[in-house]
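Welcome to this short briefing. Take a moment to look over the sequence and turn the structure around, then read on for a guided tour.

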Amino acid sequence: MKNVPQHVAIILDGNGRWAKSKGMPRNYGHAQGSKNVERICEEAWRLGIKYLTVYAFSTENWNRPKDEVDALMKLLRNYMKTCLTTAAKNDMRVRVIGDITRLDNDIQDRILELEEATKNNGGLNFQIAINYGSRDEIVRAIRALAKDLVEGKTDWSIVDEALFGQYLDTKGIPDPDLLIRTSGEQRLSNFLLWQLAYTEFYFTDVHWPDFSKEELVRAIEVFNSRNRRFGGVKEETNV
């Protein structure tokens, strides 16, 4: 493929509806969706994508029924184990964005272990948004910046977009070039609101468990068909 976006972000939607269409419980859909994350990570790297960020669990997801939340936390525990193996096999660096302090201690420990174990890997940069909400992220960033200002660690005169970006969960990670949302919904759902300012959006009716390499290629082809302009100047797509 000629032009491949450097950073692709995906809102993983439709696991429950996919399961319902097959006469299975919602948790089955989440389990199959988790397996598809691993497949798409491998395909993304083969296609030349350098950064992949997925929306796994939002700050609003705590409002789901308790049994579903409990099942998602169990799935998350298991995924942290398998992701460590997958990352080692594929030389993948894994980072978690979001406020992990609300998660159980054992999950927090596994996240920190995974990040530490993969920090020097040179393959795909894989970001997982867990207990993530963009408004929450921005508020946390403002608090951290305000604290540094009060303590004299920085100065108002140098505060700009670049400096503020250093306080976000995505510090050191380039903004997404392409956002994909599966399952037909066409909204951002509080995902990367700051980072998506100049991102191309792609929406598909395909449920996440059925999202394949072919669907990813189709999204990239649509991305390549668009004229990306900032301030009237066409942007050169990353190669």
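## Pockets, helices and cores

The lining of the largest pocket is made up of 16 nonpolar, nine polar and eight charged residues. Keep in mind as you read that this is a predicted model.

**The pockets**

- How much space lies in the largest pocket? The volume is about 730 Å³.
- In total, 33 residues line the largest pocket, and those nearest its centre are Leu12, Tyr55, Ala56, Asn61 and Arg64.
- Two or more lining residues come from each of α1 (15–21), α2, β2, α3 and β4.
- The second largest pocket holds about 230 Å³ of space.
- Lining this second largest pocket are 13 residues, with Glu161, Gly165, Leu168, Asp175 and Trp194 the closest to its centre.
- Sorted by class, the lining of the second largest pocket has six nonpolar, four polar and three charged residues.

**Helix α3**

- Helix α3 runs over residues 66–90, which makes 25 residues. From first C-alpha to last, α3 reaches 35 Å, close to the 36 Å expected at 1.5 Å a residue.
- Which residues of α3 are buried? They are Glu68, Val69, Leu72, Met73, Leu76, Tyr79, Met80, Cys83, Thr86 and Ala87.
- As you look at the numbers in that list, remember that an α-helix has 3.6 residues a turn, so residues three or four places apart point the same way.
- The partners that the buried residues of α3 pack against are α2 (26–47), β2 (51–58), β3 (93–97), α4 (105–118) and β4 (125–132).
- Asp67 also lies in α3. Is Asp67 buried or exposed? Asp67 counts as exposed because its relative accessibility is 55%, and the cut-off for exposed is over 50%.
- Asp67 and Ser134 are 67 residues apart in sequence, and their C-alpha atoms are 25 Å apart in space.
- After α3 comes Asp91, with a positive phi near 55°.

**Helix α7**

- Helix α7 has twelve residues, numbered 213–224. Its reach from first C-alpha to last is 16 Å, close to the 16 Å expected at 1.5 Å a residue.
- The residues buried in α7 are Glu215, Leu216, Val217, Ala219, Ile220 and Phe223, and the buried residues of this helix pack against α2, β5 and β6.
- Why does Glu215 count as buried? Glu215 has a relative accessible area of 14%, and buried means under 20%.
- Apart from neighbours within four places in sequence, Glu215 is in contact with Thr204, Val206 and Asp210.

**The nonpolar cores**

- The largest nonpolar core has 44 residues, and the members that touch the most others are Ile10, Leu52, Phe126, Ile130, Ile180 and Leu216.
- Helix α3 gives the largest share of this core, with eight residues.
- Not counting residues up to four places away in sequence, Ile180 touches Val8, Ala9, Ile10, Ile11, Tyr202, Phe211, Leu216 and Ala219.
- There is also a second, separate core of ten residues, which includes Ala9, Ile97, Ala129 and Tyr132.

**Buried residues to look up**

- Phe191 lies in the loop between β5 and β6, and at 0% relative accessibility Phe191 counts as buried.
- Leaving aside neighbours within four places in sequence, Phe191 has contacts that include Ala9, Ile10, Thr53, Tyr55, Ala129, Tyr132 and Leu196.
- Between Phe191 and Arg181 there are 11 Å in space, C-alpha to C-alpha, and the two are ten residues apart in sequence.
- Leu192 lies in the loop between β5 (178–181) and β6 (200–203), and it counts as buried at 2% relative accessibility.
- Most residues other than glycine have a negative phi. Leu192, however, has a positive phi of about 50° although it is not a glycine.
- Asn131 also has a positive phi, near 50°. Asn131 sits in strand β4 and is buried, with 4% relative accessibility.

How values were computed. Residues are numbered from 1 along each chain as its sequence is written. This is a predicted model: local features need pLDDT of at least 70, side-chain atom pairs count only at pLDDT 80 or more; totals for chains, interfaces and linings use all residues. Side-chain values use heavy atoms; hydrogens and water are left out. Helices (H or I, at least four residues) and strands (E, at least two) are DSSP runs, numbered from the N terminus. The expected span of a helix is 1.5 Å times one less than its number of residues. Buried means under 20% relative accessible area, exposed over 50%, partly exposed in between (1.4 Å probe, protein chains only). Contact means heavy atoms within 4.5 Å. A nonpolar core is a set of buried Ala, Val, Leu, Ile, Met, Phe, Trp, Tyr and Cys residues joined through side-chain atoms within 4.5 Å. On a 1 Å grid over the protein atoms alone, a cavity is a set of points where a 1.4 Å probe fits but cannot get out, and a pocket is an open set with protein on both sides within 12 Å along at least five of seven lines; lining residues have an atom within 4 Å of a point. Grid points are joined across faces, edges and corners, and a volume is the space filled by probe spheres set on the points. Ala, Val, Leu, Ile, Met, Phe, Trp, Tyr, Cys and Pro count as nonpolar, Asp, Glu, Lys and Arg as charged, and the others, Gly among them, as polar.
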